[in-house]
Amino acid sequence: METHAIDPQAMMGDEGGARLLLEAHKVTKQFEGLTANRDIDFDIPRNAIVAIIGPNGAGKTTFFNQLTGIYAPTSGSISFDGVDITGMQPHEVAELGTARTYQNIRLFQNMTAIANVQVGRHVRMRGQWFHAIFGTPSIRREEEEVLQRARELLELVGLRRRTENELAKNLSYGDQRRLEVARALASDPKLLLLDEPTAGMNPGETRQMTDFIGRLRRELRLTILLIEHDMKVVMGVSERITVLDYGEKIAEGEPAEIRANPRVIEAYLGKQATA
Amino acid sequence: MRGSASQLRRAISLGLITGAVMLYLVAVGIVLAFSARNTITGVVTLGRLMLAAPPLAAGYVVARRGTDLAPRLVAGLLLGAVSGVIVAAALLFASAVDIRHILVRISPPLLAFLAFDQDASIGALLNLALAAALGLIGAVAAVVPSRVRRPAITGVIGVVVISMLEPFLRPRLTDFKLEGVSRFLFTHKGLSIASAIVVFAIFAVGSVAWPRVRARYRARVAAADPGTQATIRGVTLLLLIVFLLALPQIAGSFLSQVLVFVGLYTLLALGLNIVVGYAGLLDLGYVAFYAVGSYLTALLTSPISSLGVGLPFWVALPIVILGAAVTGLFIGAPVLRLRGDYLAIVTLGFGEIARLLFLSDALKPWFGGTQGILGVPPLFGVAKVSVPILGWQLTGPTLTYYPLLFFCVIAAIVATRLKYSRIGRAWNAMREDEDVAQATGVNVTNYKLLAFALGASVGCLGGAVFATHLASVFPGTFNILVSITVLSIIILGGMGSIPGVVVGALALIGLPELLREFAEFKLLVYGGVLVLMMLLRPEGLLPDRVRQQELHEADEEEEPGADGGALTPAEQG
Ligand SMILES: Nc1ncnc2c1ncn2[C@@H]1O[C@H](COP(=O)(O)OP(=O)(O)OP(=O)(O)O)[C@@H](O)[C@H]1O
Ligand SMILES: [Mg+2]
């Protein structure tokens, strides 16, 4: 796979001094009576791959949604890259340098594959409506660059050239997953959030996906947060794992520690073993 | 065997529906209204064709599926016969029992028409036989290959359209000293049998020849060097421009009036298309922007309006556009959080509020209440323009046509450029999934407001030109039907498609203007057209071509990426 077309420097953004890219402090989220997240302290070091695992309904996606501004935390605070993002709108958080994929693929179904990626680039584009109407040279140049860039990204995630003008809804399941990743990468994020990226994949494909995630970190110097349902998936790829159960953080540490942690085994692995 | 049995069952149920549709057309009076229009004099009238269309179309639909020839044809025949039985039974019943006090349209002339001026019993048999034959013909159309079907259908459409244009074509042909052609074509308000055959042949041959000519032309252009290509494109564009500029002269005054209406609605639809087609915001109060454009223009340009400043049109125009854009923001802001049906209902209310404000007594000092505003000067300051050299005298519709054409072209260019830019894609993303669009970085608040403001700016142009065309504005013009009509145009043409908008306006505005009988049934026809479109072709007549069908089919056998680093596709589920 050739990735030289993507310049890692361009994807890094300006490197701040702080070691932590994201810090969440005592984040709590309540949905009428139900506490989906309770007092969660969580951080992500730069250029790390960390994972959040937990059984069904543990509150993983809810936590994700607060990191990306989709829900405002009921209490607690979140800062990203030195900026307090608590209560910010999703598009503002995206502009700061986060990008995500969804547990149940959510593409722009009736748009072409390439257009999906181009929308992903939206936050990094400057063209305004009046530029578009008058067709100024600046917007033409920008559009051309973005088209070029979108093609490179499709290639990076392994979508072949002729799928670029396909409607997203007509792509195969696997291609849709890849397209979602390409769309997320298009905004040159500092932090990539992947919500169960291997859902619906067989073991072989799952391995390829985790390899790909590792490559993304190395080659694009991304920081990645991974949600997983299945603990085995994240053992190899992530250097730190956080375990949620019933909305609470019950353990955090290196894969080996987590595997040995009795609370985790009871709350999670035990449950899975008996299931 | 089982397949054909289910096909026959389907034929019977579709036949019942078809019969009901035919009875409905008869009972509302539309068939009789059009029976005065000769399509081919002495052979068939437009009313008769309308009644023939349902079994024909249903026969086609029912026979489209299946592999064996015989059952498909039988299904068509059966369907036609079933629908014919219903019509025949209704005819016999209505002749025996007087039901006029319930269905006022069931008059003796209608019954006579339905019975082919025969005895009711003979008429019933004729109806049965005719409907069965039509169902069979529909089935045959489904069975024959498309290289036969396509020219045949085009030929029939040609005959119908040319005969419909008789009242306008005949005088124009005389104006252009082509009485010979006119005399050959038309006998007593319809085509003659001979001319119908000729017209059919011309259209049929045309439908075969046109794609070939176009393909050859494209191949030639593609093979030429870039310089020649640019020249060819330039010449084509020039020819198109010349044609559009000369169109009112060719069409004459009456057809120009029709063109003006088509142009007005094209402009409105181009604007609404930004809001509904691109951004997916179902705005049912679009008429408000049309009204604002008209009233602002009248206020600013009429010397006898409350403002009384009497600005020239082109000076007033920027203020009008700005005013409309601000109105767009005002209407957009409160509905930002609403989605789908809620948005539609609230904007519907806003449209009515706009009309009532212009009508209200409280604001009468400004907007003139029911009297509206009079004395709007013509757009170019004079009512008549004579073009030197060509000797054209432009006045009324033949004059208004030009600014409308100008604005339509501008609006189409603006819409196209927006569509294929960062802005258009952000709108589309919002339409597809608002939450994901926002999480991807689209500021949905701003982009919604932008869609409303730009849509309003385009729509107000139509209002501005029309105020000068009518020399006045009245609140009655701006009713909800305008919003509905504009939306229907977009749906018919294909959401988000610019050529679709033009075709939609021609079909929904142009055709009814040509057929005076339509006036009474306009809404019925709109409703019918929309229902049919939703059932048969929800993407519209001329949808956006966002992908190549071949590509789609070729991609079924997907193989893993050649390089090992890439992800391979997963099995579904
Ligand atoms: N918008 C919401 N309103 C009310 N309850 C919600 C909402 N979103 C999530 N929940 C609830 O919060 C709990 C946590 O859900 P969440 O989707 O975060 O779990 P998860 O860990 O992602 O589970 P899974 O592995 O199934 O994806 C669940 O009980 C869920 O029903
Ligand atoms: Mg989840």
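Biologist: How many Å separate an oxygen atom of ligand 1 from an N or O atom in the side chain of E196(A)?

Modeller: The model is a predicted one. In it, the distance from an oxygen atom of ligand 1 to an N or O atom in the side chain of E196(A) is 3.4 Å. A backbone N or O atom of G59(A) is 2.9 Å from an oxygen atom of ligand 1, and the side chain of Y71(A) places an N or O atom 3.0 Å from a nitrogen atom of the ligand. On its own, ligand 1 has 640 Å² of accessible area, of which the protein covers 64%.

Biologist: Which residues around ligand 1 come nearest?

Modeller: There are 14 residues around ligand 1, and those that come nearest are G57(A), K60(A), T61(A), T62(A) and Q103(A).

Biologist: Let us turn to chain B. How is chain B divided into domains?

Modeller: Domain 1 covers 1-143, domain 2 covers 148-208, domain 3 covers 239-542 and domain 4 covers 546-573.

Biologist: What area do domain 2 and domain 3 of chain B bury between them?

Modeller: The accessible area lost when parts come together is often used to give the size of an interface. Here, domain 2 and domain 3 of chain B bury about 620 Å² between them, with 76% of it on carbon and sulfur atoms. On the domain 2 side, M164(B), F168(B) and R172(B) lose the most area to domain 3, together 77% of what that side buries. The residues of domain 2 that touch domain 3 comprise four nonpolar, no polar and one charged.

Biologist: How many salt bridges and how many residue pairs in polar contact are counted between these two domains of chain B?

Modeller: Between domain 2 and domain 3 of chain B, the count of salt bridges is zero, while three residue pairs are in polar contact. Five residues of domain 2 are in contact with nine residues of domain 3, and the centres of these two domains, taken over C-alpha atoms, are 33 Å apart.

Key
Residues are numbered from 1 along each chain as its sequence is written. Chains are lettered from A and ligands numbered from 1 in the order in which they are written. This is a predicted model: local features need pLDDT of at least 70, side-chain atom pairs count only at pLDDT 80 or more; totals for chains, interfaces and linings use all residues. Side-chain values use heavy atoms; hydrogens and water are left out. Domain bounds come from an automatic or database domain assignment. Contact means heavy atoms within 4.5 Å. Buried area is the accessible area (1.4 Å probe) that two parts lose on being put together, summed over both. A salt bridge is a side-chain nitrogen of Lys or Arg within 4 Å of a carboxyl oxygen of Asp or Glu. A polar contact is a pair of N or O atoms within 3.5 Å; within protein, one must be able to donate a hydrogen and the other to accept it, and residues adjacent in sequence count only if both atoms are side-chain atoms. Ala, Val, Leu, Ile, Met, Phe, Trp, Tyr, Cys and Pro count as nonpolar, Asp, Glu, Lys and Arg as charged, and the others, Gly among them, as polar. A residue is near a molecule or strand if one of its heavy atoms lies within 4 Å of it. Accessible areas come from the Shrake-Rupley method with a 1.4 Å probe; for residues, only the protein chains shown count as cover.
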